[in-house]
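Hi,

Here is the structure I said I would pass on.

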Amino acid sequence: AMVVIDVSQSLSASEFDDAKQAASNFVTHLNFSTDRVGLISFAGYAYLKSPLTNNGAYVQSNILSLATDSGTRFHPPLDLARSNMTQTASNTLPLLLLLSDGRVGTATGSGTSEEKETNRVLALEAAVAVKDAGIRLITVAYGTNGGVNNGTNLMKTFASSPNDFYY
């Protein structure tokens, strides 16, 4: 499972802490005799914090030490996750867990509405490429005022199925 977590500054400190705790909790439910987990953080750019590994404690430590950054673009982390999961064994289910508020921005955080729309389209294309690669995409929308903000629908669209969207 690749955990992909939004570290953009559109979240309050408590929402960001809640997201990190949720991601860390997810890792505790994996069985490391068979499961591997990796970590990608993103805002304007995507960073592979841990490749897929059986060392869950290491990944949890990386999750809990994440700090916020400016910008929000979804296609770099989705593409990075897909490229890091193409070597998944045939007897395992490749899973990408995306945690975000779903609000699209630009590389720097500021930008025109046209730039944000371009990044939204690129994000949708990247999500399709993830799913077309046979990777199950589960999305958790946070900081959404009870599931409602301008990013909620995008997070629903990213998910592999309606049952793979949470808030």
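Below is what I found in it, starting with how to read it.

This is a predicted model, so local features need pLDDT of at least 70 and side-chain atom pairs count only at pLDDT 80 or more, while totals for chains, interfaces and linings use all residues. Residues are numbered from 1 along each chain as its sequence is written, and side-chain values use heavy atoms, with hydrogens and water left out.

Helices first. H1 covers residues 13-28 and H2 residues 56-64 (DSSP runs numbered from the N terminus; H or I of at least four residues for helices, E of at least two for strands). They pack at an angle of about 175°, with their axes 9 Å apart (axes are lines fitted to C-alpha atoms over the stretch in contact, and angles run from 0 to 180 degrees between N-to-C directions). H1 and H2 are therefore roughly antiparallel, the label for angles over 145 degrees. On the H1 side, Lys20, Gln21, Ala23, Ser24, Val27 and Thr28 meet Gly56, Val59, Gln60, Ile63 and Leu64 of H2 (contact is heavy atoms within 4.5 Å). That set splits into five nonpolar, five polar and one charged (nonpolar: Ala, Val, Leu, Ile, Met, Phe, Trp, Tyr, Cys and Pro; charged: Asp, Glu, Lys and Arg; polar: the others, Gly among them).

Also in H2 is Asn62. With a relative accessible area of 17%, Asn62 is buried (under 20%; exposed is over 50%, partly exposed in between, using a 1.4 Å probe and protein chains only). Not counting residues up to four places away in sequence, Asn62 touches Leu39, Lys49 and Ser50.

Lys49 turns up again in the contacts of Ser41, a residue of strand S2 (residues 37-42). Ser41 is buried, at 3%.

Now the rings. There are three aromatic pairs (Phe, Tyr or Trp rings, the six-membered one for Trp, with centres within 6.5 Å; stacked under 30 degrees between planes, edge-to-face over 60, tilted for the rest). Phe165 and Tyr167 make a tilted one, 6.0 Å centre to centre with 35° between the planes. Of these two, Phe165 is buried at 11%, whereas Tyr167 is exposed at 61%. Phe42, Phe74 and Phe158 form one aromatic cluster.

Finally, the charged end of Arg73 sits over the ring of Tyr45, 4.9 Å from its centre (Lys NZ or Arg CZ within 6 Å of the ring centre and within 35 degrees of the ring normal).

Cheers

Definitions and conventions: Parallel < 35°, antiparallel > 145°, perpendicular 65-115°, else oblique.
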